[in-house]
Amino acid sequence: MHLGTRAVVIILIVVSGLVVVLLVRNSLEPVPFNPGDRYPSTKLDYMGVIYANRSDMYDWRGGYSETTDCPWGRIHNGIDFFFYNNSPVIAAAPGYVEDVSWRENPDTTLNMYNIYVAIRFNATITVRYTFEPFTHVVGDQDRQLSILAVHKGDWVQKGDLIGQLLVVEDSAHIHFGVVSGNEWIDPKPFYGESDLVEIMGFIHIYQPDWDISYPAP
Ligand SMILES: [Zn+2]
């Protein structure tokens with residue numbers, strides 16, 4: 001073989017070897033989450049409320065608590081919003097709709113189905129909205145799904161419509177919270193300044209002395 005030809009063959013073998021190594025490595029590593037220029041994703045310090053109007057809700061019964069030492073007396077990993085039937089639920093933060101799924105509640109005497117909407121903000125933070133219609137009717141699953149506005153794979157901006165809550169029985173609500181990795185954490189530090197003023201103002205209509213969250217001391 002001519003010396004030049006031999007050099008070209010060796011270079012081709014080395015380059016194709018490198019390509020194979022890169023392809024294998026990329027297929028093994030998780031794809032890093034990157035929202036691009038859709039929104040600032042380094043830090044969530046501008047989370048908003050999930051309601052369009054205060055008048056869409058009728059009560060405040062509890063927020064986030066890591067111990068039972070709170071006004072509602074139980075550990076609770078999120079915040080409950082008691083909406084009227086068909087009220088709009090809006091995105092508290094922008095992100096990628098990672099999951100929209102139904103799960104059966106283990107206690108079917110209480111509440112047959114929950115629908116889980118998980119919206120990823122960045123590599124660590126996911127904001128979650130659980131639609132809990134409180135129903136015993138199988139067909140209500142389709143009724144709640146038909147009034148959801150987002151699907152897996154969508155991108156949303158803060159304030160976009162996520163869906164409307166189907167209210168079947170009195171305890172129907174949205175269970176809302178912030179998850180870091182796999183752990184539900186105190187959502188209070190993530191609110192924007194004016195957003196926190198808004199939600200505290202709403203809470204104090206019903207519970208004048210309550211805080212939104214009671215982390216462990
Ligand atoms: Zn809850």
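**Note on the predicted model: exposed loop, sheet and core**

1. Start with Asn 53. It counts as exposed because 8 C-beta neighbours lie inside 10 Å. Asn 53 sits in the loop between α1 (3-28) and β1 (57-59). Asn 53 and Ser 87 are 34 residues apart in sequence, yet their C-alpha atoms are 9.1 Å apart in space.

2. On conventions. This is a predicted model, in which local features need pLDDT of at least 70, side-chain atom pairs count only at pLDDT 80 or more, and totals for chains, interfaces and linings use all residues. Residues are numbered from 1 along each chain as its sequence is written.

3. Overall make-up. The chain has three helices and twelve strands. Helices (H or I, at least four residues) and strands (E, at least two) are DSSP runs, numbered from the N terminus. Buried residues make up 27% of the 217 residues. Of the contacts with a separation of 6 or more, 68% are between residues 24 or more positions apart. A contact here means that two C-beta atoms, placed from the backbone, lie within 7 Å.

4. Two residues with positive phi. Most residues other than glycine have a negative phi. Asn 86 is not a glycine, but its phi is positive, about 70 degrees. Asn 86 lies in the loop between β3 and β4 (88-90). Asn 86 is exposed, since 11 other C-beta atoms fall within 10 Å. Phe 134 also has a positive phi, near 55 degrees, and is a residue other than glycine. Its place is the loop between β7 and α2 (140-146). Phe 134 is partly exposed, with 19 other C-beta atoms within 10 Å. Check both loops when reading the backbone.

5. The β5 end of the pairing. Strands pair if DSSP finds at least two bridges between them. β5 (residues 95-104) pairs with β8 (residues 155-156) in the antiparallel sense, over two bridges. Gly 95 has Val 156 in β8 as its bridge partner. β5 also runs antiparallel to β6, with eight bridges. There, Arg 103 is partnered by Asn 114 in β6.

6. From β6 to β7. A hairpin of four residues joins β6 to β7. Six bridges link these antiparallel strands. Val 117 has Tyr 129 in β7 as its bridge partner. β7 is mostly covered, with seven of its eight residues buried.

7. β7 and β10 run antiparallel and are joined by eight bridges. Phe 81 stands opposite Ile 174 in β10.

8. The β10 to β11 turn. Three bridges join these antiparallel strands. Ser 180 stands opposite Glu 183 in β11. Two residues lie between the strands of this hairpin, where Gly 181 takes a positive phi near 65 degrees.

9. Trp 184. This residue is in strand β11 (residues 183-185). Trp 184 counts as partly exposed because 17 C-beta neighbours lie inside 10 Å. Leaving aside neighbours within four places in sequence, Trp 184 is in contact with Asn 77, Gly 78, Gly 177 and Val 179. The C-alpha atoms of Trp 184 and Arg 128 are separated by 9.4 Å, although the two are 56 residues apart along the chain.

10. The core. In soluble globular proteins, nonpolar side chains tend to be buried together. A nonpolar core is a set of buried Ala, Val, Leu, Ile, Met, Phe, Trp, Tyr and Cys residues joined through C-beta atoms within 7 Å. The largest one has 37 residues, and those touching the most other members are Ile 50, Phe 81, Phe 83, Ala 93, Tyr 129, Leu 165 and Ile 174. The elements giving two or more residues to this core are β3 (79-83), β6 (113-120), β7 (125-132) and β10 (173-180).

How values were computed: A residue is buried if 20 or more other C-beta atoms lie within 10 Å of its own, exposed if 12 or fewer, and partly exposed in between; C-beta atoms are placed from the backbone.
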